[in-house]
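Trainee: Could we go through this protein together, one question at a time? I would like to learn how to read it.

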Amino acid sequence: MKLADKTAKELQELLHSKELSIADLTQATFQRIKDLDPKVDAFLALNEEQATKQAAEMDQMEAGERGPLFGLPIGVKDNIVTEGLETTASSLILKGFNPIYNATVVDKLREAGMVIVGKLNMDEFAMGSSNENSYYKNTKNPWNLETVPGGSSGGSAAAVAAGEVPFSLGSDTGGSIRQPAAFCGVVGMKPTYGRVSRFGLIAYASSFDQIGPITRTVKDNALLLNAISGHDEKDSTSANVEVPDFTAALTGDIQGLRIGVPKEYFAEGVSEASKQAVKDALKVLEEKGATWEEISLPHSKYALSTYYILASSEASSNLSRFDGIRYGYRTEKAGSLLEFYMNTRSEGFGDEVKRRIMLGTYALSSGYYDAYYKKAQKVRTLIKQDFDKAFENFDVIVGPTTPTPAFKIGEIIDDPLTMYANDILTIPVNLAGVPAISVPCGFEGGLPLGLQIIGNYFDEETVYRVADAFEQATEFHKETPQTWEGAAQ
Amino acid sequence: MAKMTKEEVIEVAHLARLAITDEEAVHFADQLEAITNAMELLNELDTENVEPTTHVLPLVNVMRKDKSIEGLPREMVMKNVKEHEGGQVRVPTILD
């Protein structure tokens with residue numbers, strides 16, 4: 001059995017019994033990344049020197065001071081700032097940017113004793129669903145290297161799927177954790193908005209962005225969410241609510257659980273295999289004592305338009321800080337200050353980022369504000385109310401994570417509307433702010449499919465309990481891609 | 001159906017401080033027109049009496065204590081600045 005096959009608990013046991021040192025585990029992780037990443041292209045930067053030093057120091061610490069994640073390796077999405085480790089959000093405009101402080105989640109990883117091994121590729125500023133919008137490289141799906149890993153947290157999902165790291169952090173604004181998790185056959189959780197601090201997350205759309213864990217099992221996912229959750233006075237939108245031990249929810253008992261299955265999530269465009277995988281999953285949950293009923297979330301079809309108006313508007317404001325003055329890329333061609341700004345930004349941003357900045361600027365501009373921005377905010381209310389009503393009668397809402405499995409690299413990159421439609425089943429969750437997970441639930445043409453389980457506000461516990469019960473009853477999470485075998489460790 | 005012209009795109013790009021060529025403006029005009037047309041789907045809904053949602057959590061007036069805290073040291077702040085002098089950031093000429 002390779003180290004890559006082991007769960008957090010199994011790795012911790014090896015460390016505890018001294019069969020394995022943290023230094024050895026760290027070294028093996030970097031070796032595996034070096035063996036596999038030339039094919040997968042998940043990592044943008046490696047933190048080898050610091051991580052090796054940290055691991056050696058941690059081996060000297062007393063066993064009593066060690067938590068469940070102590071000494072375990074993790075990769076971090078490149079829009080989360082890491083002190084002294086280049087952070088670009090996969091954009092040219094942040095090339096060479098060396099943050100001078102850590103995101104709150106990064107401090108929390110360090111407190112838990114985790115070893116950050118590197119930064120993971122993504123769509124530029126988290127705008128995209130395929131990782132093709134990265135300025136630096138295309139990450140490949142470990143299940144088929146000609147297909148995309150999904151996005152925007154594509155590097156985070158691919159690195160875990162290939163077993164390069166057992167843990168990663170992603171961020172989810174319209175599906176950016178769940179969609180790549182589904183495409184890569186791993187577990188990805190978008191927590192309730194406000195559950196995890198956004199301090200140090202490079203902002204895309206502030207009223208939607210949320211950081212969350214990507215792992216191979218539900219239990220490991222819950223362990224990582226335990227470590228990163230909690231109120232943070234540096235993020236005024238972080239919620240001051242108690243953080244339970246999410247692993248305590250993994251009882252396997254879902255007797256009497258009420259599941260709502262929205263008919264809108266089985267509409268045109270959703271593949272037959274994807275629908276069937278969800279129906280099969282519902283049977284598994286029924287056998288464990290849950291009941292399900294078809295429900296309606298009637299405003300679902302308006303979610304995509306609502307999201308692109310609001311997220312682009314917020315982005316146009318958030319991304320105005322990138323001006324080439326205080327950090328990042330700076331143009332060589334400038335006479336006046338205005339030219340300096342305009343050239344820096346048009347040279348530094350990619351096309352999708354420019355499209356969303358312009359769309360947002362347009363939606364917020366005088367004469368269009370009411371027709372687009374305010375209208376979308378009102379529809380957001382209707383979408384939120386759909387969820388509020390559903391949760392009066394149901395404990396969770398279940399459906400597919402994506403309409404189809406991963407598509408080929410280059411297939412739809414020039415067609416923004418088709419690309420946006422990838423997120424049609426994940427976006428409503430961000431508009432409402434509720435938590436949702438994607439867990440592996442089947443395959444279509446050798447590519448993984450994801451089951452999406454959506455919970456009520458701050459009820460990640462029920463989401464995890466259902467996800468874990470499903471995982472225990474199925475074998476999908478034990479499947480590994482062919483890429484997996486390409487390394488010795 | 002709203003028509004997005006090249007001139008409108010150039011105007012919006014200017015507001016967003018993006019320099020774009022005429023050719024790019026034509027390309028973006030087509031794409032943005034398709035996107036904004038798709039968004040007009042929202043006009044099907046009567047939202048006359050619906051309150052807008054700006055934020056999903058019931059948070060109001062989140063404030064910290066009115067107490068000064070130390071900022072970052074100046075040399076740290078200057079670490080990523082490409083051109084600076086005497087602790088100040090150098091920018092192109094503002095006034096001719």
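What follows is a set of questions and answers on the sheet, its neighbours, some single residues and the cavities.

Trainee: Before we start, what kind of model is this?
Mentor: Residues are numbered from 1 along each chain as its sequence is written, while chains are lettered from A and ligands numbered from 1 in the order in which they are written. Side-chain values use heavy atoms, with hydrogens and water left out, local features need pLDDT of at least 70, side-chain atom pairs count only at pLDDT 80 or more, totals for chains, interfaces and linings use all residues, and the model is predicted.

Trainee: Which strands are the edge strands of the sheet in chain A?
Mentor: Helices (H or I, at least four residues) and strands (E, at least two) are DSSP runs, numbered from the N terminus, and two strands pair if DSSP finds at least two bridges between them. In chain A, 11 strands form an open sheet with mixed pairing, in the order β1-β3-β2-β4-β6-β5-β10-β11-β9-β7-β8. An edge strand pairs on one side only, and here these are β1 (43-46) and β8 (291-295) of chain A.

Trainee: By how many degrees are neighbouring strands of this sheet turned against each other on average?
Mentor: Axes are lines fitted to C-alpha atoms, for helices over the stretch in contact, and angles run from 0 to 180 degrees between N-to-C directions. For the strands of this sheet direction is ignored, and the average is 30 degrees.

Trainee: How many residues of strand β11 of chain A are buried?
Mentor: Buried means under 20% relative accessible area, exposed over 50%, and partly exposed in between (1.4 Å probe, protein chains only). Strand β11 (residues 447-455) of chain A is largely enclosed by the rest of the structure, because its buried residues number 9 of the 9.

Trainee: Which residue is the bridge partner of Pro400(A) in β11(A)?
Mentor: Strand β9 (residues 396-400) of chain A pairs with β11(A) in the antiparallel sense over 5 bridges. The partner of Pro400(A) in β11(A) is Leu451(A).

Trainee: Which residue in the turn between β10(A) and β11(A) has a positive phi?
Mentor: β10(A) and β11(A) pair in the antiparallel sense over 8 bridges, with Pro440(A) opposite Gly450(A) in β11(A). The two strands form a hairpin with 2 residues between them, and the turn residue with a positive phi, of about 60 degrees, is Gly445(A).

Trainee: Which elements do the buried residues of helix α4 of chain A pack against?
Mentor: In helix α4 (residues 104-111) of chain A, the buried residues are Thr104(A), Val105(A), Val106(A), Lys108(A) and Leu109(A). Contact means heavy atoms within 4.5 Å. The elements they pack against are β2, β3, β4, β6 and α7 of chain A.

Trainee: Is Thr247(A) buried or exposed?
Mentor: Thr247(A) sits in the loop between α7 and β7 (258-262) of chain A. Leaving aside neighbours within four places in sequence, Thr247(A) is in contact with Lys219(A), Ala222(A), Leu223(A) and Asn226(A). Its relative accessibility is 18%, so Thr247(A) counts as buried.

Trainee: What is the volume of the largest cavity?
Mentor: On a 1 Å grid over the protein atoms alone, a cavity is a set of points where a 1.4 Å probe fits but cannot get out, and lining residues have an atom within 4 Å of a point. Grid points are joined across faces, edges and corners, and a volume is the space filled by probe spheres set on the points. By this rule there are 4 cavities of 30 Å³ or more. The largest cavity has a volume of about 130 Å³.

Trainee: Which helix gives the largest share of the lining of the largest cavity?
Mentor: Of the 14 lining residues, the closest to the centre of the largest cavity are Leu3(A), Ala4(A), Thr29(A), Gly163(A) and Pro166(A). The largest share, 4 residues, comes from chain A, helix α2 (residues 22-40).

Note on methods: On a 1 Å grid over the protein atoms alone, a cavity is a set of points where a 1.4 Å probe fits but cannot get out, and a pocket is an open set with protein on both sides within 12 Å along at least five of seven lines; lining residues have an atom within 4 Å of a point.
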